[in-house]
Amino acid sequence: MKPLGGGWDELLAPLFNSENYKKIREFLIYEYSHYTVYPDMYDLYNCFRYTPLNELKAVILGQDPYHEPNQAHGLCFSVKKGVPLPPSLVNIFKEIENDLRIREPDCGDLTKWAQNGVLLLNTTLTVREHLANSHSKCGWAWFTDSVIKLISENTRNTVFILWGGNARSKAPLIDARKHLVLQCAHPSPLSAYNGFFGCGHFSKTNSYLVSHGKEPVDWDLNPKDNI
């Protein structure tokens, strides 16, 4: 695996060198060689590659990569350019518009957020095509739980954004004395009206960051007008 850069290699070395990770790797070698697996193996750790540890502002936790073609590319909730917006992402953009008066973008690629300090981490990092949660038992929970703990222990004043039951179950891994933990319903159409809409997590994130001397996140994905 190529180095991740941004301070992640040093932080995650104990995980990548462990027996638990070797078992995950053996599983992935088999799965990628026998089935169609998302994201592409070269996109698997994009969330780390795009967001240096020392520039980390916030962590958004997703659950499972999108399992249909041309969607997943290693960032939770994000889809590649030109791909129709999934329903949960549509609702995320609606909440941003309501919260910050930022117009809904046409593109669902969230790479800009990642480059602006938002770690877009799925709790399961791979999935077999057409089979949601098909890799949820292969060891990824151990890996991503460990990542969350390491971030909690080794950073300060990070915002953890937990939407839905799976993400909210990770709250005990986070030291709330050092960080801000925001929780609400998942943005899925099945639950968005149960507390996601109106949560204000995007403005609350920025208010917290500014109050602790950090730059706010630029949540606006719309192309900037040329002046």
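Which residues are exposed on the other side of helix 1? The legends below take up this point first, and then turn to the sheet and the cysteines. The model is a predicted one, in which local features need pLDDT of at least 70 and side-chain atom pairs count only at pLDDT 80 or more, while totals for chains, interfaces and linings use all residues. Residues are numbered from 1 along each chain as its sequence is written, and side-chain values use heavy atoms, with hydrogens and water left out.

View 1. Helices (DSSP runs of H or I, at least four residues) and strands (runs of E, at least two) are numbered from the N terminus. Trp 8, Leu 11, Leu 12, Leu 15 and Phe 16 of helix 1 are buried, where buried means under 20% relative accessible area, exposed over 50% and partly exposed in between, with a 1.4 Å probe and protein chains only. Seen down the helix axis, these buried residues fall within an arc of 135 degrees, so they line one face of helix 1; the arc is that of the directions from the axis to the C-beta atoms. Glu 10 and Pro 14, on the other side of helix 1, are exposed. The buried residues pack against helix 2, helix 3 (46-50), strand 3 (118-122) and helix 6 (140-154), contact being heavy atoms within 4.5 Å.

View 2. Ser 18 is placed in the loop between helix 1 (8-16) and helix 2 (19-34), and it counts as buried because its relative accessibility is 15%. A polar atom of the Ser 18 side chain lies 2.7 Å from the backbone oxygen of Leu 15.

View 3. Four strands form an open sheet in the order 3-2-5-6, with parallel pairing; two strands pair if DSSP finds at least two bridges between them. Strand 3 and strand 6 (180-184) stand at the edges with a single partner strand each, so one side of each is left without a neighbour in the sheet. From one strand to the next, the twist averages 20 degrees. Helix 6 packs on the sheet, where it touches strand 2, strand 3 and strand 5, and its direction makes about 155 degrees with that of strand 3; axes are lines fitted to C-alpha atoms, for helices over the stretch in contact, and angles run from 0 to 180 degrees between N-to-C directions.

**View 4. Strand 2 between its partners.** Strand 2 (residues 58-62) pairs in the parallel sense with strand 5 (residues 159-163) over four bridges, and five bridges join strand 2 to strand 3, also in parallel. Ala 58 stands opposite Val 159 in strand 5 and opposite Val 118 in strand 3. Five of the five residues of strand 2 are buried, so this strand is largely enclosed by the rest of the structure. Ala 58, Ile 60 and Gly 62 point one way, whereas Val 59 and Leu 61 point the other way.

**View 5. Cysteines without a disulfide.** Zero disulfides (pairs of cysteine sulfur atoms within 2.5 Å) are found in the whole structure. The sulfur of Cys 107 is 16 Å from the closest cysteine sulfur, that of Cys 76, which is too far for a bond. Cys 199 is in no disulfide either, the nearest cysteine sulfur being that of Cys 184, 4.0 Å away. Cys 107 counts as partly exposed at 27% relative accessibility, whereas Cys 199 is buried, with a relative accessible area of 8%.

Technical notes
A polar contact is a pair of N or O atoms within 3.5 Å; within protein, one must be able to donate a hydrogen and the other to accept it, and residues adjacent in sequence count only if both atoms are side-chain atoms.
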